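Hi,

Have a look at the sequence and the fold, then read on.

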Amino acid sequence: MGGASVMGETVDEQTVGAKAVDAKAEQEGGRQGAAPTEAQKARAAKRALAKSLVFELALPLGGFYVLQGVGLSQWAALLVSSLLLVPWLVLGMVRSRRVEVLPAFTLLMVAVGALMSMVSGSPRVLLVRDSWVFGALGLWVLGTLATRRPFMLTAARSIVAAKIGEAGAEEWVARFDHDAVFRRHLRLLTAVWGLGFAADAGIRVTLACTLPVDLVPLVNTLQWLAVLGGLFGFHFWYVNRHGLKV
């Protein structure tokens, strides 16, 4: 439960809603008649992350236990609490004025999971739903390794552009075509993130099928934060260790 769209918008620094962060920073800078400073961008990033944690993790998780506390069944509490995420995802796409692939996919999985659970009447069907999102995301990320533009190259471009400008970002991306060491580093990071998402999906299925239903939402949330923390920890260590930070 929860966390599905967090990674839809969160991988590396740029994935903490990079576009939303930059837009917010530009608004702040515009009100002051100047380009946004690094401090303004950092504050905007923290606000974007805080909102994501509240609406994508805390609200569905808290909603489940509150709804159970007022007498709803496990199935009904899971179904209703999962729908609390929908307005946030829709609002994000309305604000960006574009249909984002991963939020749209998450909405589709919410709808499919709800329909399947209505047919089966099993709350575990809803609990397994998030594993589809993370499993599909992991396979997609791993699939980009076979292309000329692996996931980490395209995912990191926006934050590189925010730091050193569009011209610098184009030069950074161009390194992939002629720098074999640079290619190896980005492919390895892509593989680590893809495998991390795929492993997370497997863990979610195992937990959903074995733990008591009441415990699964909480354990899934804690497990997701642990996986995400491990991925970010490795990522930042590797980037600094190999001089990839811009």
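**Aromatic pairs**

There are 10 aromatic pairs in the structure, where rings of Phe, Tyr and Trp (its six-membered ring) pair if their centres lie within 6.5 Å, planes under 30 degrees apart being stacked, over 60 edge-to-face and the rest tilted. One of them is the tilted pair of phenylalanine 134 and tryptophan 224, at 4.6 Å centre to centre with 55° between the planes. That pair links distant parts of the chain, with phenylalanine 134 in helix H7 (residues 123-143) and tryptophan 224 in helix H10 (residues 216-241), 90 residues apart. Helices here are DSSP runs (H or I, at least four residues), numbered from the N terminus.

Phenylalanine 134 counts as buried because its relative accessibility is 1%, and tryptophan 224 does so at 0%. The cut-offs: buried is under 20% relative accessible area, exposed over 50%, partly exposed in between (1.4 Å probe, protein chains only).

Phenylalanine 234 and tryptophan 237 have ring centres 5.9 Å apart and planes at 40°, so this pair is tilted. Both lie in helix H10, three residues apart, about one turn of the helix. Phenylalanine 234 is partly exposed, at 27%. There is also a cluster, in which ring pairs link Trp193, Phe197, Phe232 and Phe236.

**A word on the model**

This is a predicted model: local features need pLDDT of at least 70 and side-chain atom pairs count only at pLDDT 80 or more, while totals for chains, interfaces and linings use all residues. Residues are numbered from 1 along each chain as its sequence is written, and side-chain values use heavy atoms, with hydrogens and water left out.

**Salt bridges**

The count comes to six salt bridges, each a side-chain nitrogen of Lys or Arg within 4 Å of a carboxyl oxygen of Asp or Glu. Among them, arginine 149 meets aspartate 177 at 3.4 Å, N to O. Arginine 149 is in the loop between H7 and helix H8 (151-178) and aspartate 177 is in helix H8, so the pair ties together parts that are 28 residues apart in sequence. Arginine 149 is partly exposed at 29%, and aspartate 177 is partly exposed at 44%. Salt bridges link Arg148, Arg149 and Asp177 in a network.

Over in helix H9, aspartate 200 and arginine 204 sit four residues apart, about one turn of the helix. Their side chains meet in a salt bridge at 2.6 Å, N to O, and both residues are buried.

Cheers

How values were computed. Helix = DSSP H or I, 4+ residues; strand = E, 2+ residues; numbered from the N terminus.
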